[in-house]
Amino acid sequence: MSKTTIKPSLQNPLAATEEVEFTIPGEIAGQTGGYEEVMKEGYDLIQRPIKSVAVSQIEKQHFKKRMTVWERIKVLTDSEPNILFQNWGKNLDGASLVTGILNIGGRDVALYGHDFTVRAGSIDATNGQKLARLMHMAGEKGIPLIGMNDSAGAFVPAGVGGLDGYAEAFTALRKISGVVPTIMCMFGFNAGGGSYLPRQGSFVIQPEDTFFGLTGPGVVKSVLGEDITPEELGGPKVHSATGVTDLAVPDETAALRTAVRLLSYLPDNNHSMAPFQETSDPLDRRTWEINTLLKKAFNSPTGFNTPFDVSIIIQQVCDHGDYFEVQPTRAREAITAFGRLGGNVVGFVANNSAVSSGQIDCDSAVKIARFVRFCNIYNIPLIFMEDTTGFLPGREQEARGIVQAGRSMLDSIVDVRTPRILLILRNAYGGAYASYNNYPTGADLVLALPTTRLAVMGPAGKEFVYKTELRKLRGAIKQRVAEAVQERVKAGMDGDEAKKDAEKAVAEWLKAEETALNTRYEKELMNPKEGLALGSISSLVMPTDLRKVLGENLNFFLRHYQPSAWQDVQREFH
Amino acid sequence: MKNRSRQLNPMEVEIKPMAKNNTLYSNNPLIHKDRRLSRSSSEWVRSFSCEDLKPLIVCRGPIRKEAMDVYGEMGISHFGILLSEKDSIVYPNALSPELRQLTDNRRVHRVPDYSGASKEERIERIQQIIDTAKDNDYNAIFAGYGFMAEDDEFVAAIEDAGLKFIGPCSGTQRAAGKKDEAKRTALQVDVSVTPGIDNVTARTLLKKYPSRDELLALVKAQKLAIDKKSLDAKLPVEELADAVLFASYDKGIDLFSIEELCAQVEEECTAMFKGYPGARIRLKAIGGGGGKGQRILGASLLMTKNPSDRQIKEAAADAPGLVREILNEVKTNGVGDNKNVLIELNIEQTRHNEIQLLGNGQWAIALGGRDCSLQMHEQKLLEISVTQEGLADEIAKAEKTGNKTQTEALKSDLTVLKRMEEESERFGTAVGLDSASTFECIVDGDRHYFMEVNTRIQVEHRVTELVYSLKFTNPEDKNDFFIVESLVEAMALLARHKERLPRPERMTRFGAAAEARLNATDCSLSPSAGGYIRYWSKPIEGEIRDDQGISIPNPDTGLFMRYHLAGAYDSNIALLLTRGDDRAASYDHLSTVLRCTVLRGSNLATNLKFHYGLVNWFIGNNVMAKPTTRFVVPYLTLVGKLKEESQRLDVIFAFLAMKKHYGKLYAADADAAKAASATLDRKGTLLTRPMELLLNDPHLLSGWLSLNKKNFTIENGQVSWLRNPLVILEETYEYLNMTWRKDAPSAEIMDS
């Protein structure tokens, strides 16, 4: 080291300072004066929200493996963002919140993002209003909204102003709910208002290493004395299990890309259709794979009780096998997914026998209800696929309120006004059938595969249907045993032994008779015939023709459907 | 008569160019081109058009999409694919991506699987495949590198059904595919096989009874029941000796003593030591297995170039003792036991080299070699081209720099390659090879031994395509020719025009090529199936990505379609290839390709970082190094050790210690100390981020250390940099793909 201490500096003494000149190209510059000064000041103001942030603040954000709001925008679109109110706030720095209009794949999308590098993205006395203005505009112009939430909460020095700010934003977001779809990305650590606000949106996407919730772990510790990590309290695992988070993703990049993908299935607003996308996948493509799948399943040793993954059927029906599952890790006994069929966006709601025989419980009922209501509001047609043995019974489900959850599902289905088709794959029993988009609840069309087993009850139904036969059989037991004993004693058997043997033989006879009744029940009643005869099913469709038949019928209904805002009596919900 | 205007056959569907996005994925000049010979101005060239070939593609893996692309480019409009259930219904999101390209449902056919689970099922399946082909108007079958491609019964059935098999005919399959027959043919046409003696017991017997008459007398005397056929006087006397021995085993008697056998083994070993100076010999009991009943002798001669007779005698003297040990170990030392012992040359440092062969039944041409030594559990990982031209260039370079060792090593490689190529052509002609095959050898120093011929196209065939193209010239006019750059195309040409095709010339294309197999394995190369790919960066210039079509976007929306790596067949995801003027350049570019590959998804594990570390390990050491087939396991062990070491380091702690150190240095000047502290804070992530990435991934660290070992020395535990550390930091950013890229999300740059 040299003898004299050199003061280290990051300034490059050799770097030329960049002067921006405000001249017209080719113009011979005249005398400069006050005008140039004003221009310079204006230019600096325009640059301010981006340039005024200290590099160390950006480094802090990067150190946490998070991007800055400007970097996040670049993942959403290559186009330049149209930023609004960029000098909002008394510091003229945009007030820790960026709002603007993005062009994503040729569509106008309203966007907000907290700028964590400026006062930790907090909501202060005025920026709640900035947020509310953006939301109002999105609603007015009918463009979707994407929110990139990364806020420490209300800015405490702002006092009550921050709370009012939140209230204003809550209200604005509620007012555009049902008018334009919204996608919320949860970045960083959001508590309180910072988590209520985004959950008012249509979809929440949450990456790993983030938290949101009522309060952070610190408050939990001081109020309840409970030690808990942010991950355990409000990480993506917790929230995607409850449905608070619709889509858990590995990181920020994945969250933003997922938002863009999801957006491709959503309409701009409640009075237009989701984007139609011409397809190179022929609508009459035969779905051989569905046939193979069902054949393999039903011809296996477990026969018609074999579970299978229904998402393969959705995949085969959709254009190029591409579909997008919502809440893909939660309550998978029901699958809710967006896909395209012949270029039109469709919402799929399918019972999945691969998980708990497709039995609907509180979680899947609410999952279905929310998805169906969303599609209904935004003019997205629905295809239901039914294969369930019913609602999941039992103490736990009752305690959790299955009646109310199931009612939500039923209500959401009854309310549907968009084109809606039911396809029965296999099991459609009792209450589950009755509440699952059948003709009486308003289906436009009910189709069924030949493997359909539409009945009031599953195999247990024989007790009711063949009541007389069973009573006769069971009533005959005593007599039969007596006769058999007599026979055996006559043949020279010992009394006790004869009785035992006779009872055994009669039990076997009874079992055989009951099995015969079972088979008869399955043959006579667990099939689509009654449904066809009564008009509960319009027609049967072969597994290989599913794409064609569903697609052509959907096209028919869509030809006669006008997208519009849902105008109806406001009914009680939830 | 009805006017029969030309009607478009409903099956003749115009080939739609893939969604007209001119990305390097769908339009890569290295692998895509217009191959329609029918468009040529030359009549002779036009006569080799294959547009009437109607192939059914019966395989999966990267070759399926490649065949679809090549056939389309050749103007073959009527081709179809046969899907297996694993392509479509076993797992969601694992639907064959090729279907995004081939949307005509009439050309997609289905079978439960390709080869059946049992022998009966296999025969049934063969018939089903033939029926599918016939019912749908195909006239040829291509089986890629699947199991069926080398099944001579399958091929024969196809031929019998009057269909063309795009691959070697059943005759070639039988003659070259069956190991014993292939070895016999190899010996006949002077191909080098592993030297050894498999009949030392017969030789022992012949020493006692050297003539046919004496043997027959023995048979009579011992009343041995001997098969009449063996008595044929035209057969070599060794066969009679063998027959006599087998009869003696049946009778339970010994015709020679163990001492006599040991003496014979010693004699044979002496001869072998003389014939292969410096090599060891492996003795194997006939009844051994699983490492039992084996001994190696000749350790003292190892690496001795010219052993003296005395040295050889001493080494061979170990044989009798070892033979006794072996017989004892496998318990064949009793009276009447078969005491045969195989005497084989021990192959020390084996490298796996193979020669690409092509033939039409009359001619066969070798297309250079591929070194596939880098493998683990018999699974190839990295395959690189070896050509005579390339080696000659490297020899010239080594001579120029005066690197004698390297020159010698390369010269020996060149000699071996020349020999292998000559032998492979002789062998190919002998078995009537009429398509593509691979002549596989093991190489031990300056010796090579033929192992087997794979009578099919191989996974790594593109390595050859990048270094040689084929020039087919009109025998009557040397200016009338066409060039073929694809082996899949060459196979189709051969299937369609066989005898008419003149022997091509091989033309050098690029100096060198390399292929890395991207597999769904974790960092220790254990299989890890089940993950989802949700994003794959676009290929870069000079990258070939054979990924079964995973990167074909949704043709309608242009969005990447997630793909479930269900592990239905094997762990291979894709083949990544590149080329260069020489091997160093091809390694450099492969490193760039691997570095720029961003693969994202959930639950996803690949061997990408392993490859990146390994390729850079070679770049840092010597790309002309000759790793053996036993390289990867010890390499991984060392990488594991590196991980152990690196996990003991805490980068943040080290950084803070450095900050403290500077605090002390500037203690006298509060102002400067403050400035130093602020400056260091700003430099924190600049330094710690790349270091943490390197220390967290031992594969990255392995490559980095190898690249940088020339840049530092360690003396007394202190590192001193031989170059400006700032430049090294910059290179490290480059190495970690952390330099600023306009289009990449900043999170991806920071955490690559």
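Predicted model: local features only at pLDDT ≥ 70, side-chain atom pairs only at ≥ 80, totals over all residues.

A: Happy to! Across the interface of chain A and chain B, 15 residue pairs are in polar contact, with both partners at pLDDT 80 or more. On chain A, the elements that each give two or more residues to the side touching chain B are helix H2 (55-63), helix H3 (69-76), helix H10 (252-263), helix H11 (288-298), helix H12 (311-317) and strand E10 (323-326). Sorted by class, that side of chain A holds 19 charged residues, along with 15 polar and 15 nonpolar ones.

Charges also pair up between the chains: the count between chain A and chain B is six salt bridges. For one to find on your screen, look for A:Asp251 and B:Arg600, whose side chains meet in a salt bridge at 2.6 Å, N to O.

Now for the extent of the contact. Chain A brings 49 residues to it and chain B brings 47 residues. Between them the two chains bury about 4000 Å², and 56% of that lies on carbon and sulfur atoms. In chain A, the residues that lose the most area to chain B are A:Leu10, A:Arg257 and A:His320, which together make up 15% of what that side buries.

Finally, a word on confidence in chain B. Its average pLDDT is 91, and 95% of the residues score at least 70. Residues 1-20 of chain B are another matter: there pLDDT stays under 50, and the model has 22 contacts beyond four places in sequence for this stretch.

Conventions
Residues numbered from 1 in each chain as written. Chains lettered and ligands numbered in written order. Heavy atoms only, no water. Contact = heavy atoms within 4.5 Å. Buried area = accessible area lost by both parts, 1.4 Å probe. Salt bridge = Lys/Arg side-chain N within 4 Å of Asp/Glu carboxyl O. Polar contact = N/O pair within 3.5 Å; in protein donor to acceptor, adjacent residues only side chain to side chain. Helix = DSSP H or I, 4+ residues; strand = E, 2+ residues; numbered from the N terminus. Nonpolar A, V, L, I, M, F, W, Y, C, P; charged D, E, K, R; others polar. pLDDT = per-residue confidence, 0-100.
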